[in-house]
There are 4 protein chains.
Amino acid sequence: MNFKTSRRVEFRDTDTAGIVHFSNFFAYMEQTEHAFLREIGQPLIGEVDGKRVSWPRVAANCNYRSAIQFEQIIDIEMSVTKLGTKSIIYAFTITRDGTLVADGTLTAVCCEIEPGKKPKSIGIPAEFAAAVKPYLAESID
Amino acid sequence: MNFKTSRRVEFRDTDTAGIVHFSNFFAYMEQTEHAFLREIGQPLIGEVDGKRVSWPRVAANCNYRSAIQFEQIIDIEMSVTKLGTKSIIYAFTITRDGTLVADGTLTAVCCEIEPGKKPKSIGIPAEFAAAVKPYLAESID
Amino acid sequence: MNFKTSRRVEFRDTDTAGIVHFSNFFAYMEQTEHAFLREIGQPLIGEVDGKRVSWPRVAANCNYRSAIQFEQIIDIEMSVTKLGTKSIIYAFTITRDGTLVADGTLTAVCCEIEPGKKPKSIGIPAEFAAAVKPYLAESID
Amino acid sequence: MNFKTSRRVEFRDTDTAGIVHFSNFFAYMEQTEHAFLREIGQPLIGEVDGKRVSWPRVAANCNYRSAIQFEQIIDIEMSVTKLGTKSIIYAFTITRDGTLVADGTLTAVCCEIEPGKKPKSIGIPAEFAAAVKPYLAESID
């Protein structure tokens, strides 16, 4: 099952080339991830056994297929392509009126967050994994 | 005495109009303020009597005189136009090759910062005030 | 008559202080202005007598009343406080659950835009003025 | 031969997690690319045979190794890992005090840019290729 959202390109997202600056596609992916977490009732910054748990990124990539401009509306479709013991990979497809705009992935690692310390990777909580499962792409390990 | 810095316009700062997006002038002002704080040896987020102290903004304004574009170098000159008991007003003049680009102000309030609480305004520490004094514009109350 | 919109704070809009970076309030105001222009059927970049016409900013200001954080939903209410012969002033009030977050204004000037030339101010087209009139605040000149 | 630059993390680049927002690493890479183009005397937007030529991105990726925070200084080292007939791949390594922060690549394609048309890929001009050659990583095709 895929998660879908859409948004309109804001003026601040564009650059001198008259198109959305390539770095902003990552913000669009992230905003979709966060909308997904709200949908499945899992907070971005949660608490497990009294400890603050969140999802630092370890990798991000994007392929740009066609440009988008101010005021255009884009559709973003997301699936979970990998649910590991400690990490998760989200895959995104961005389209406009059915035309492919970009696709990419975000890889996040479940971590304990303590102020002043490096994030420490931990096992993904069972409740989170259960909530994500319906969105896990079947054909991919 | 004025504090001066300069920077080059980055591509990400521009928009579809081919100029620096107006909101980024505030980031340019802030970056100058932070460079100034480093110059006078005062941290943006400090500690007074064991409490975290910082400078939330209460007002910001900017007048736009001429546009700037990708790769252009701008000069930013800053003075302190008011040093109150709890607040400070920084004034900025941005130029390019001597031509006025923009001018504006930032007003910040000295506050105790506690996680989960509203910032609470406090008196500006004497050490901070002493460090700022040489930059205080004389002609303005 | 006021124009209203709302939006959710995105993660990219926040800063190390855990709140929306003050410069992003200007992007929020602008996005409301652009939604307004769509509502009244006036393009941001239009054409008058075969010439490209748009609305460079000459002034922007904001007063910050209370901080907002990731995922919070804000309401933005906009009115037109001045409709001059060449310029327009938009006033914005941002609230969260009825609590004042910020208020500010944007002043834009109607200009002919030619690549490689400075924008040249022109009279606001009658059609634009007529479309804006219902939103003009009555009590303010 | 590698191209090197460094910069200081600005407050606007950080997020609620107290670190640089992951999308901004792409702006850091791009700023390095642009500094490199200035270094070798090649404009980002040039002219070949009377046509506007620039470098739209087709891919971007980044691996995040350790977080960076406000005011920290980072070093960015760039090499050209592929110089094709129409495209170029830049590889970046970001460090802080010698510690790896992130690495990633940008892939750009040489294109003719005409307003209102899709960018059309063209052969990389010989002059550009000659200027880039000294920075081409030897061990990689």
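This is a predicted model: local features need pLDDT of at least 70, side-chain atom pairs count only at pLDDT 80 or more; totals for chains, interfaces and linings use all residues.

A: The shift along the axis is 0.0 Å, and the RMSD is 0.0 Å. Which C-alpha of chain C is nearest the axis? It belongs to Arg7(C), 5.6 Å away from the axis.

Next, the contact itself. Seven residues of chain C touch seven residues of chain A. On the chain C side, three of these residues are charged, two are polar and two are nonpolar. Why can the copies be said to meet through the same surface? Because 100% of the interface residues of chain C are interface residues in chain A as well.

Arg7(B) sits in strand S1 of chain B, which covers residues 3-8. Beyond its neighbours within four places in sequence, Arg7(B) contacts Tyr28(B) and Ile74(B). Pro119(B) is 112 residues from Arg7(B) along the chain, and 32 Å separates their C-alpha atoms.

Then the sheet. Chains A and D contribute to an open sheet of 10 strands, with antiparallel pairing. The order is S1(A)-S5(A)-S6(A)-S7(A)-S4(A)-S4(D)-S7(D)-S6(D)-S5(D)-S1(D). Strand S1 (3-8) of chain A and strand S1 (3-8) of chain D are the edges, and each pairs on one side only. From one strand to the next, the twist averages 20 degrees.

One pairing inside this sheet shows the detail. Strand S6 of chain A (residues 87-96) runs antiparallel to strand S7 of chain A (residues 99-109), and 10 bridges join them. One of the bridge pairs links Ser87(A) to Val109(A) in S7(A).

A helix packs here too. Helix H1 of chain A, residues 24-39, lies across S1, strand S4 (57-64), strand S5 (73-83), S6 and S7 of chain A. Helix H1 of chain A runs at about 65 degrees to S7(A). In chain D, helix H1 (residues 24-39) packs on the sheet and touches S1, S4, S5, S6 and S7 of that chain. The direction of this chain D helix makes about 65 degrees with that of S7(D).

Key. Residues are numbered from 1 along each chain as its sequence is written. Chains are lettered from A and ligands numbered from 1 in the order in which they are written. Copies are superposed by least squares on the C-alpha atoms of residues with pLDDT of at least 70 in both. Two residues are in contact if their C-beta atoms, placed from the backbone, lie within 7 Å. Helices (H or I, at least four residues) and strands (E, at least two) are DSSP runs, numbered from the N terminus. Ala, Val, Leu, Ile, Met, Phe, Trp, Tyr, Cys and Pro count as nonpolar, Asp, Glu, Lys and Arg as charged, and the others, Gly among them, as polar. Two strands pair if DSSP finds at least two bridges between them. Axes are lines fitted to C-alpha atoms, for helices over the stretch in contact, and angles run from 0 to 180 degrees between N-to-C directions.
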